[in-house]
Amino acid sequence: MGRIGVIGGGLGGLAAACVLAARGHPVTLFEKNDWLGGKAAEWKQDGFRFDMGPTIMTVPGVLARIYAEAGRRMEDVLDLRRLDPQWRCFFDDGSVLDLREDVAAMRAGLDAYSPGNADGYRDFIALSARLHDISERFFFWKSVEDLRDTIDMRKNMDLATLSDILALRMGTTVAGTIRRRVRDTRVAQMLDHFVQYVGSSPYGAPAVLCGIAHMQTAEGVWYPIGGTRAVPEALAALAADLGVELRLGADVARITTEGGRASGVELADGERVPLAAVVSNMDSVRTMRELIGGAPQEGFARRWKREPACSGVVLYLGLDRAYDHLLHHDFVFSRDPAEEFDYIYNKGEPAPDPTCYIAAPARTEPGVAPPGGEALYILVHTPYLRPHHDWSRMLPAYRRVIFDKLARCAGMADLESRIRVERVLTPQDIHDRYRVLDGAIYGLASHGRFFGAFKPGNRSRDLPGLYLAGGAAHPGAGMPMVMMSGWIAADALHADLTANDARRSA
Ligand SMILES: Cc1cc2nc3c(=O)[nH]c(=O)nc-3n(C[C@H](O)[C@H](O)[C@H](O)COP(=O)(O)OP(=O)(O)OC[C@H]3O[C@@H](n4cnc5c(N)ncnc54)[C@H](O)[C@@H]3O)c2cc1C
């Protein structure tokens, strides 16, 4: 069997490498950084430990399926804790609402918080369950780039499929779908935020993405002991165990082609590695632009004119105190979601009154901070990088906006004085560290009332022998989705090589 190359050791690249190796392929993974896991990185300082990227882990079944490929059990390597309530929500009016996993418990909470909204919430979750189910059947676990890849109009068009298509509510947005069911603006704002998992505006994202809510309420929010960082560490160990050659500090400068198909990679230092096929875990737009070019890039660019998803500022604060009123995951919401999303996604400027997401992991794993302290993580979504954005200049004022917001709305007036260690990640840092598109955290924005959920397919239509995995490929961003994209890329590649071998020996 020819050797397969994987460019990038993010969660998508690691998942692809593990699945390919489990299916018997020799694999080399090239990662430009000196760590594996990409955005799922960590920072340790003076007894504090921080996950630097993802903190909310959902749909662990995807990771379990990757382990199953190798005949192993995820539960044997990861100590996963289920968190319920899933989020604590602080609103601008001073009120607090916990998001409960169980729909009946959530309805009871809503009855007390905002009478008259419990039925709307139940209806929203029921719709979300339907949309999640449709996604499982038509979008997930296979390479999809457009409608043709999901539904074969001639073969499958029956009444059940037609009813599924109608249920997608094509032409309506996430925000509109929520507000038709839930009247309380605060509850609607909380539900809007599921689509922040893919860095997109609820006013621009298609209704099908309401399915994200059910993925979380049905399958839970999980914390692996050791942090989300434990996930790439476990996958890297699995890859090594399966014989994957893991090359750190290996920066791929070009994908080479021969006879119109991907035939290898060339590293920045000039080394050439011949390969039978290539999986790129680098951002899909930048893969095509920077590693390939020519006709394949032109074809790709004609189909994919999507804007990048949002970026963000993260503050990692090692504190000498804990805030007992916080849960593990907290949202401190903006005063006005329409204004906030307009700034981030239309005006392209940081929101004047942003939503702050807070992770306080010492609630679940006290060892992340010295006794009595907290390793606080604060994420604020910002626009993707524009040419005039200079975050070395913008950061001090925006840091102040964040601290003022937390003092006013989350009871953290003394926060700044309790800091013992501090580090910041800006959109520019995200851009440089992970080589993404204009600092985007979540790949390509899912904007478009009809086709916003589609992403570049995992089996490249532009260059045979190239497969795409990661947040800027199908099915999109977030821990479970990028691991699924790695699985799909590996599965498609394996199927193609197996079919070629069968043709050759026939
Ligand atoms: C601050 C932040 C918070 C987040 N919060 C959450 C969350 O709570 N829950 C959640 O599910 N998701 C969250 N996410 C999103 C999630 O982290 C990502 O969707 C996911 O980790 C991306 O994985 P990926 O496989 O696309 O690759 P990445 O993590 O982007 O990794 C790609 C890798 O490829 C390498 N690379 C790129 N080009 C080359 C090249 N030419 N040669 C060699 N190597 C190359 C890069 O160095 C990098 O290591 C968050 C992300 C960030 C940044």
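## Two cis peptide bonds

P475 lies in the loop between β20 (466–468) and α17. Helices (H or I, at least four residues) and strands (E, at least two) are DSSP runs, numbered from the N terminus. The peptide bond that leads from H474 into P475 is cis, with omega near 0 degrees.

The model is predicted: local features need pLDDT of at least 70, side-chain atom pairs count only at pLDDT 80 or more, and totals for chains, interfaces and linings use all residues. Residues are numbered from 1 along each chain as its sequence is written.

A cis bond also joins D84 to P85, again with omega near 0 degrees. P85 sits in the loop between β6 (80–83) and β7 (87–90).

## The chain as a whole

The protein chain has 17 helices and 20 strands. Its C-alpha atoms fill a box of roughly 70 × 60 × 50 Å along the principal axes.

Of the 506 residues, 53% count as buried. A residue is buried if 20 or more other C-beta atoms lie within 10 Å of its own, exposed if 12 or fewer, and partly exposed in between; C-beta atoms are placed from the backbone. Among contacts with a separation of 6 or more, 72% link residues 24 or more positions apart. Two residues are in contact if their C-beta atoms, placed from the backbone, lie within 7 Å.

## The shell around the ligand

There are 37 residues around the ligand, and G8, G10, G12, G38 and G470 come nearest. A residue counts as near if its C-beta atom, placed from the backbone, lies within 6 Å of the molecule or strand in question. By class, the shell has 18 nonpolar, 14 polar and 5 charged residues. Ala, Val, Leu, Ile, Met, Phe, Trp, Tyr, Cys and Pro count as nonpolar; Asp, Glu, Lys and Arg as charged; the others, Gly among them, as polar.

α1 (11–22), β2 (27–31), β15 (311–319), α16 (427–434) and α17 (479–505) each supply at least two shell residues. The largest share, 3 residues, comes from α1.

## The sheet of 7 strands

Strands of a sheet pair through backbone hydrogen bonds, either parallel or antiparallel. Here two strands pair if DSSP finds at least two bridges between them. In this model, 7 strands form an open sheet with mixed pairing, in the order β8-β7-β16-β17-β18-β15-β19. β8 (96–99) and β19 (419–425) stand at the edges with a single partner strand each, so one side of each has no neighbour in the sheet. The twist averages 20 degrees from one strand to the next. For such angles, axes are lines fitted to C-alpha atoms, for helices over the stretch in contact, and values run from 0 to 180 degrees between N-to-C directions.

Inside this order, β17 (residues 356–359) and β18 (residues 374–382) run antiparallel and are joined by 4 bridges. Y357 stands opposite L379 of β18.

An open sheet of 3 strands runs β5-β9-β6, with antiparallel pairing. β5 and β6 are its edges; each has a single partner strand, so one side of each is left without a neighbour in the sheet. β6 pairs with β9 (residues 221–224) over 4 bridges in the antiparallel sense. L80 faces P224 of β9 there.

β11 (residues 252–258) and β12 (residues 261–267) are antiparallel too, with 6 bridges. V252 has L267 of β12 as its bridge partner. The two strands form a hairpin with 2 residues between them, and G259 in the turn has a positive phi of about 60 degrees.

## Buried spots

Helix α9 (residues 185–192) has 6 of its 8 residues buried, so it is largely enclosed by the rest of the structure. Those buried residues are V187, A188, Q189, M190, L191 and D192.

Most residues other than glycine have a negative phi, and most peptide bonds are trans. V59 is not a glycine, yet its phi is positive, at about 45 degrees. V59 lies in the loop between β5 (57–58) and α2 (61–69). With 22 C-beta neighbours inside 10 Å, V59 counts as buried. D438, also not glycine, has a positive phi near 50 degrees. Its loop runs between α16 and β20. D438 is buried as well, with 20 C-beta neighbours inside 10 Å.
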